[in-house]
Amino acid sequence: MNDGVATPLENPLRAGLRLWRTPEPCTVVIFGASGDLTSRKLVPALYNLARERRLPGGFSVVGFARRAWDDATFRQVLLEGVNANSRARPVEEALWASFAEGIFYHRASFDDPAGYARLAARLAAIDATRDTGGNRVFYLATPPEAYPEIIAQLGAHGLNRSPEGGWTRIIIEKPFGRDLESARDLNRQVLAVFDEGQVYRIDHYLGKETVQNLLVFRFANGIFEPIWNRRYVDHVQITVAESLGVEDRGGYYDRAGALRDMIQNHLTQLLTLTAMEPPVAYDADAVRDEKVKVLRAIQPIASEATVRGQYGPGSVSGRPVRGYRDERGVAPDSQTETYVALKLFVENWRWAGVPFYLRSGKALPRRVSEIAVQFRRVPTLLFASTPVNDIEPNVLAIRIQPDEGITLKFSSKVPGQAQIRPVTMDFRYGTSFGVASPEAYERLLLDCMLGDSTLFTRRDEVEASWALLTPILESWAAGPAQAFPNYEAGTWGPAAADAFIARDGRAWRRL
Ligand SMILES: NC(=O)c1ccc[n+]([C@@H]2O[C@H](COP(=O)([O-])OP(=O)(O)OC[C@H]3O[C@@H](n4cnc5c(N)ncnc54)[C@H](OP(=O)(O)O)[C@@H]3O)[C@@H](O)[C@H]2O)c1
């Protein structure tokens with residue numbers, strides 16, 4: 001297998017073999033290995049895969065960064081990272097000792113060709129001593145400005161090539177571009193060096209169990225799909241709310257904003273999985289073909305169909321929060337949005353005329369992500385004492401995080417009274433399965449090693465999503481400055497967002 005693409009028959013979910021497949025021996029090379037993502041997410045995920053015996057024998061990690069560390073320092077830093085961030089704690093000493101034997105630190109700068117020549121030699125030595133067969137995953141956990149340089153250097157040193165009978169793959173972190181043009185440029189740079197089948201553009205939302213369950217919920221049950229369309233659905237609300245502000249990422253965030261940081265990737269993924277047609281198979285191309293079709297069916301979004309916000313000082317859960325403009329790395333007159341709400345239409349036979357409302361913001365009262373499908377009201381009044389408008393419509397809410405689960409709201413008679421009240425049927429992962437879900441990065445790292453790119457973003461998908469959102473960014477930039485801040489930290493965003501949905505006779509869900 002040279003191109004790194006899983007065929008449908010190999011697909012482990014389809015074959016029901018997920019638990020039993022182990023990747024071939026390989027080395028994961030992490031660029032940006034002294035950074036936050038590596039010790040907070042990547043290495044804890046790899047450690048948990050090791051703990052669950054999912055990793056191949058000889059599995060190795062090479063960390064690439066500038067800091068004057070050696071293998072021992074790097075291992076110690078990672079151990080602290082795992083101890084602080086792993087879902088299974090404390091670290092099992094014997095397991096860590098054997099896992100850490102395969103961890104190495106490579107000190108070099110991204111722009112130094114000699115560093116890549118030494119890397120190639122080092123990887124060859126690891127192949128020889130640990131029997132990793134020349135199989136490699138390169139993980140770009142670096143500031144995005146570094147991607148083109150690293151990719152070009154990998155190409156120049158022949159590190160892009162798959163070994164005879166083996167594979168080389170590259171995982172690229174978000175953000176993938178900052179608008180359509182830069183995303184296209186980056187795709188060109190990547191694809192000048194790697195084949196699309198080697199490229200894994202990561203959006204960690206797709207690694208979440210609840211997000212994957214969306215497809216199982218829709219396509220492994222007979223009763224929902226027949227009503228999953230414009231005849232029965234009034235509208236859909238997708239919310240990704242964060243209670244934190246920008247913390248210490250102000251410098252990065254001030255150049256990004258909520259549309260780039262959240263809507264372009266995580267909310268777009270939730271939208272496409274909610275709206276897509278059933279794929280012909282559960283494999284990388286069939287699933288991604290359907291997601292791209294959704295993006296192509298979305299009508300251009302006028303800037304009037306969007307609301308922007310930026311938080312000022314306030315408090316979240318009793319904790320005082322500085323205003324966005326007072327955060328480190330943020331311009332004192334910043335026009336960057338920390339909140340976005342928008343409305344879009346997927347103009348195809350299934351969804352024509354059904355609004356999808358998306359909202360995401362920082363410094364909101366709660367951290368919560370959900371997809372809510374609200375069904376049409378009943379057509380007529382049967383119960384004289386209750387006006388039809390007082391009967392709340394059915395809502396199917398899929399909670400992505402926290403309290404992962406699914407809730408169906410329906411009307412019920414209040415016992416002994418001539419009254420109707422909404423009640424819910426609840427499914428909760430925690431209660432039903434009693435096991436902790438693996439972290440998103442565990443699943444995604446494993447899938448990449450197995451050559452399954454279903455849960456990664458394809459070139460056309462990332463470009464289609466930027467094509468949709470870039471005109472909004474452009475019209476915001478060309479328009480007048482906003483009177484920011486316009487919402488207090490710890491509230492549900494600007495008043496304009498409530499007025500925006502109220503104009504359609506609807507309201508945001510209270511979460
Ligand atoms: N952190 C998160 O939770 C998170 C979540 C989602 C996505 N991401 C994405 O993941 C990527 C990494 O994020 P991060 O937060 O881990 O970044 P970070 O903490 O700023 O780490 C950057 C890393 O890059 C290295 N580096 C920078 N310039 C270098 C150079 N010229 N040569 C060699 N090494 C260099 C740094 O090493 P030295 O300082 O040792 O040189 C450091 O290891 C970003 O694209 C980010 O958007 C992060």
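Author: On a 1 Å grid over the protein atoms alone, a cavity is a set of points where a 1.4 Å probe fits but cannot get out, a pocket is an open set with protein on both sides within 12 Å along at least five of seven lines, and lining residues have an atom within 4 Å of a point. The model is predicted, so local features need pLDDT of at least 70 and side-chain atom pairs pLDDT 80 or more, while totals for chains, interfaces and linings use all residues. Residues are numbered from 1 along each chain as its sequence is written, and side-chain values use heavy atoms, with hydrogens and water left out.

Reader: Which residues lie nearest the centre of the largest cavity?

Author: The whole structure holds 2 cavities of 30 Å³ or more. About 150 Å³ lies in the largest cavity, a volume being the space filled by probe spheres set on grid points joined across faces, edges and corners. Its lining has 16 residues, and those nearest the centre are Asp203, Gln264, Asn265, Thr457 and Val462.

Reader: Which element gives the most to the lining of the largest cavity?

Author: Helices (H or I, at least four residues) and strands (E, at least two) are DSSP runs, numbered from the N terminus. Two or more lining residues of the largest cavity come from each of helix 10 (258-275) and helix 14. The most, 4 residues, come from helix 10.

Reader: How many residues line the second largest pocket?

Author: The second largest pocket has a volume of about 820 Å³. Glu392, Val395, Lys409, Arg509 and Arg510 lie nearest its centre. Strands that each supply at least two lining residues include strand 7 (233-241) and strand 16 (405-413). The lining of the second largest pocket counts 32 residues.

Reader: Is Ser39 buried or exposed?

Author: Ser39 sits in helix 2 (residues 36-51). Leaving out residues up to four places away in sequence, Ser39 touches Pro44, Leu78, Gly81, Val82 and Asn85, where contact means heavy atoms within 4.5 Å. Its relative accessibility is 19%, so Ser39 counts as buried.

Terms used
Buried means under 20% relative accessible area, exposed over 50%, partly exposed in between (1.4 Å probe, protein chains only).
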